[in-house]
2 protein chains.
Amino acid sequence: MAFDQIDRRILELLQRDGRMTNVELAERVGLTAPPCLRRVRALEEAGAIRGYHADLDAATLGYPITVFAMVSLRSQAEQDLAAFEAHVATIPEVRECHMLNGEIDFILKIVASDLKGFQEILMTHLTPAPNVASVKTSLTIRTAKALPGIPVRVG
Amino acid sequence: MAFDQIDRRILELLQRDGRMTNVELAERVGLTAPPCLRRVRALEEAGAIRGYHADLDAATLGYPITVFAMVSLRSQAEQDLAAFEAHVATIPEVRECHMLNGEIDFILKIVASDLKGFQEILMTHLTPAPNVASVKTSLTIRTAKALPGIPVRVG
DNA sequence: CATGAAAATTTCTTACT
DNA sequence: AGTAAGAAATTTTCATG
């Protein structure tokens with residue numbers, strides 16, 4: 001599928017404001033509402049738009065702690081990697097899990113209500129998990145930049 | 001400000017589907033539309049909801065490469081930390097920048113169109129930046145989990 | 001084949017209770 | 001928090017280049 005300039009403009013605008021009305025979106029990209037809506041639906045169908053999410057303030061809602069955990073496993077056999085992924089999928093505080101190349105096998109983004117809660121997750125669910133060789137964690141002091149998704153060239 | 005069960009339910013639903021209509025939202029939380037909309041506006045005002053974003057598929061839109069970069073600086077004086085943050089803020093491919101405790105000063109999430117593009121960012125904008133002592137990068141092989149935001153207890 | 005106009009439906013939003 | 005009403009947006013249908 002090919003995305004033209006109007007499609008990219010739509011993507012950029014909806015990434016910036018996911019609740020923009022279709023009428024405003026249409027105006028901004030220079031279309032009327034119906035063809036604009038059809039393009040949005042097509043972008044959703046094509047998988048270019050995976051969904052829409054409210055961006056919640058973690059600290060305000062009781063999760064002031066964000067931690068990155070670098071995890072190394074003993075075995076990197078595919079079934080062992082998959083088993084670890086399946087395990088972390090069950091931990092609600094683990095919001096992201098990315099498999100990396102190199103020494104570190106996974107990087108996890110974890111949120112917690114306090115340090116005690118973080119330690120609980122670490123000691124109870126992560127360090128003792130099967131096949132885990134090492135877990136190195138770093139607390140987030142502050143987040144300087146957190147843009148959604150990707151840069152969208154509207155050139 | 002205190003959030004009750006209904007507020008939390010609203011937050012959970014909008015985090016899951018940021019374009020849910022207020023009518024459907026109201027039905028799901030057991031209110032009629034007007035008080036539900038008032039709650040949503042109040043949550044936005046209070047900063048609990050920071051915004052809404054379309055979740056775009058990076059690979060489909062020309063950014064198949066995601067890299068995590070662990071950056072250490074020579075000086076951790078506040079002005080030098082802030083200068084680095086201001087610098088990465090100008091690089092569109094750097095989507096996230098978190099200041100960490102410990103050996104690593106910052107973790108960056110970077111997207112790129114290909115390895116050449118990534119190398120370009122690394123060599124041109126990151127490694128030679130003022131005050132940068134070391135940059136260790138890891139390519140993302142696959143992302144096993146990527147939930148938005150935070151767990152919302154609706155108990 | 002995508003756009004646009006028009007119309008029907010649904011949603012949003014305000015005023016009031 | 002809910003009801004009711006007016007305004008606005010969404011969505012379908014249909015005509016056009």
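Colleague: How far apart do the end C-alpha atoms of residues 3-64 of chain A lie?
Modeller: This is a predicted model, in which local features need pLDDT of at least 70 and side-chain atom pairs count only at pLDDT 80 or more, while totals for chains, interfaces and linings use all residues. Residues are numbered from 1 along each chain as its sequence is written, chains are lettered from A and ligands numbered from 1 in the order in which they are written, and side-chain values use heavy atoms, without hydrogens and water. The span is 53% helix and 13% strand, where helices (H or I, at least four residues) and strands (E, at least two) are DSSP runs numbered from the N terminus. Its end C-alpha atoms are separated by 39 Å.

Colleague: What feature does UniProt place at residues 3-64 of chain A?
Modeller: The name comes from an unreviewed entry. UniProt positions follow the numbering used here, feature names are shortened, and annotations may be inferred rather than shown by experiment. The record gives "domain: HTH asnC-type".

Colleague: Which residue meets Arg39(A) in a salt bridge?
Modeller: A salt bridge is a side-chain nitrogen of Lys or Arg within 4 Å of a carboxyl oxygen of Asp or Glu. Here the N to O distance is 3.0 Å. The pair links distant parts of the chain, 35 residues apart: Arg39(A) is in helix α3 (residues 33-45), and its partner is in the segment before α1 (5-16). That partner is Asp4(A).

Colleague: What area do chain B and chain A bury between them?
Modeller: Contact (heavy atoms within 4.5 Å) joins 65 residues of chain B to 65 residues of chain A. Buried area is the accessible area (1.4 Å probe) that two parts lose on being put together, summed over both. Of this, 55% is on carbon and sulfur atoms, and the total is about 6,200 Å².

Colleague: How many salt bridges cross the interface of chain B and chain A?
Modeller: The whole structure holds 20 salt bridges over all chains. One that joins the two chains is between Asp57(A) and Arg50(B), with the closest N and O atoms 3.4 Å apart. Across the interface, the rule finds 8.

Colleague: Which residue's backbone oxygen lies 2.7 Å from a polar atom of the His53(B) side chain?
Modeller: His53(B) lies in strand β1 of chain B. Beyond its neighbours within four places in sequence, His53(B) is in contact with residues including Leu14(A), His53(A) and Pro148(A). The backbone oxygen belongs to Gln15(A).

Terms used. Polar contact = N/O pair within 3.5 Å; in protein donor to acceptor, adjacent residues only side chain to side chain.
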